[in-house]
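I opened the notebook to look up a few features of this structure and to write down what turned up.

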Protein chains: 2
Amino acid sequence: MKFQHLAVLALAGLGASAAFAQAKPEDQIKYRQSAMTVNARSSGALNAMAKGDVAFNKDVAVRHASVIADLSDLPLQAGAFGPGTDKGAPTKADPKVWSEPEKFKAAYDKFTAAAKALPAAAGDVGTLKVALADLGKTCKGCHDDYRMK
Amino acid sequence: MKFQHLAVLALAGLGASAAFAQAKPEDQIKYRQSAMTVNARSSGALNAMAKGDVAFNKDVAVRHASVIADLSDLPLQAGAFGPGTDKGAPTKADPKVWSEPEKFKAAYDKFTAAAKALPAAAGDVGTLKVALADLGKTCKGCHDDYRMK
């Protein structure tokens with residue numbers, strides 16, 4: 001069953017989260033949206049520095065990059081895209097998340113890889129810009145295909 | 001002005017967040033609630049292991065502890081308890097957050113200190129239990145005084 005398949009793929013990463021995969025759909029949806037909200041705040045702060053809207057500050061940049069790296073894979077690993085979580089609370093997650101789990105995981109994993117690379121690049125505004133551009137592509141790639149308008 | 005005072009206290013930690021302190025109240029509220037939602041998930045996973053409801057797994061425990069440590073101080077440092085964010089979206093934050101900012105910050109800082117100590121303790125179930133008990137007291141201390149029922 002494809003729903004179960006995605007759960008198995010996801011749970012390979014964070015063993016103790018089997019309990020969470022059984023959490024109520026609304027709680028799983030709230031969790032994954034919360035992680036994305038925190039990520040968005042930090043990516044916004046980094047983009048503001050990359051654009052020069054806010055003065056570049058190495059410590060602040062590395063801190064925000066670390067938050068994104070730390071949170072990036074949590075929604076997937078924690079099984080927060082579990083079976084039946086295409087509804088239960090307002091969500092923009094596309095049904096394709098569950099109908100093509102391998103492709104979704106591949107797109108999500110690209111985001112995770114770019115996010116994990118961010119802290120090492122964030123100490124310099126030049127390398128930060130490159131890493132942010134990479135990250136942005138992976139955000140867009142996944143959102144284009146797996147987040148509804 | 002006390003509102004400004006809290007913002008100044010908070011922003012000392014994460015310089016580039018001045019922009020965020022000017023974010024719309026509803027966005028600040030959403031942000032701080034999102035960070036707490038992610039924390040709650042990880043503290044729940046750790047408590048389940050400490051109680052023996054879920055088998056202890058060192059890697060998973062350290063991962064969750066790191067999430068809590070990383071996110072703990074973000075809402076305060078990012079200025080997400082900024083002026084006027086006692087309303088604008090449903091929130092349980094008590095008005096005392098803004099009327100007694102030094103006391104609120106002191107209670108919040110206790111939570112942050114306990115959270116930052118968690119990863120080093122999470123590798124062993126015995127030390128994890130002690131650290132979780134310490135953390136729980138700081139959660140309760142702040143929630144009792146600064147979160148409405």
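I began with A:Phe111, which is buried with a relative accessible area of 7%, where buried means under 20% relative accessible area, exposed over 50% and partly exposed in between, for a 1.4 Å probe and protein chains only. The model is predicted, so I note that local features need pLDDT of at least 70 and side-chain atom pairs count only at pLDDT 80 or more, while totals for chains, interfaces and linings use all residues. Residues are numbered from 1 along each chain as its sequence is written, chains are lettered from A in the order in which they are written, and side-chain values use heavy atoms, with hydrogens and water left out.

Next I turned to ring pairs, for which rings of Phe, Tyr and Trp (its six-membered ring) pair if their centres lie within 6.5 Å, with planes under 30 degrees apart counted as stacked, over 60 as edge-to-face and the rest as tilted. By this rule I find 12 aromatic pairs over all chains. The rings of A:Tyr108 and A:Phe111 are edge-to-face, because their centres are 5.7 Å apart and their planes stand at 85°. A:Tyr108 is buried too, with a relative accessible area of 3%.

Back in chain A, ring pairs link A:Phe81, A:Trp98, A:Phe104, A:Tyr108, A:Phe111 and A:Tyr146 into a cluster.

I then checked for charges over rings, which requires NZ of Lys or CZ of Arg within 6 Å of the ring centre and within 35 degrees of the ring normal. The charged end of A:Lys96 sits over the ring of A:Tyr146, 5.6 Å from its centre, and B:Lys96 lies over the face of B:Tyr146, at 5.6 Å from the ring centre.

Which residues meet between the chains was my next entry, with contact meaning heavy atoms within 4.5 Å. The contact takes 26 residues from chain A and 26 residues from chain B. I see that 100% of the interface residues of chain A are also interface residues in chain B, so the copies meet through the same surface.

How many salt bridges are there between chain A and chain B? I count four, a salt bridge being a side-chain nitrogen of Lys or Arg within 4 Å of a carboxyl oxygen of Asp or Glu. A:Arg63 and B:Asp73 meet through their side chains in a salt bridge, at 2.5 Å from N to O.
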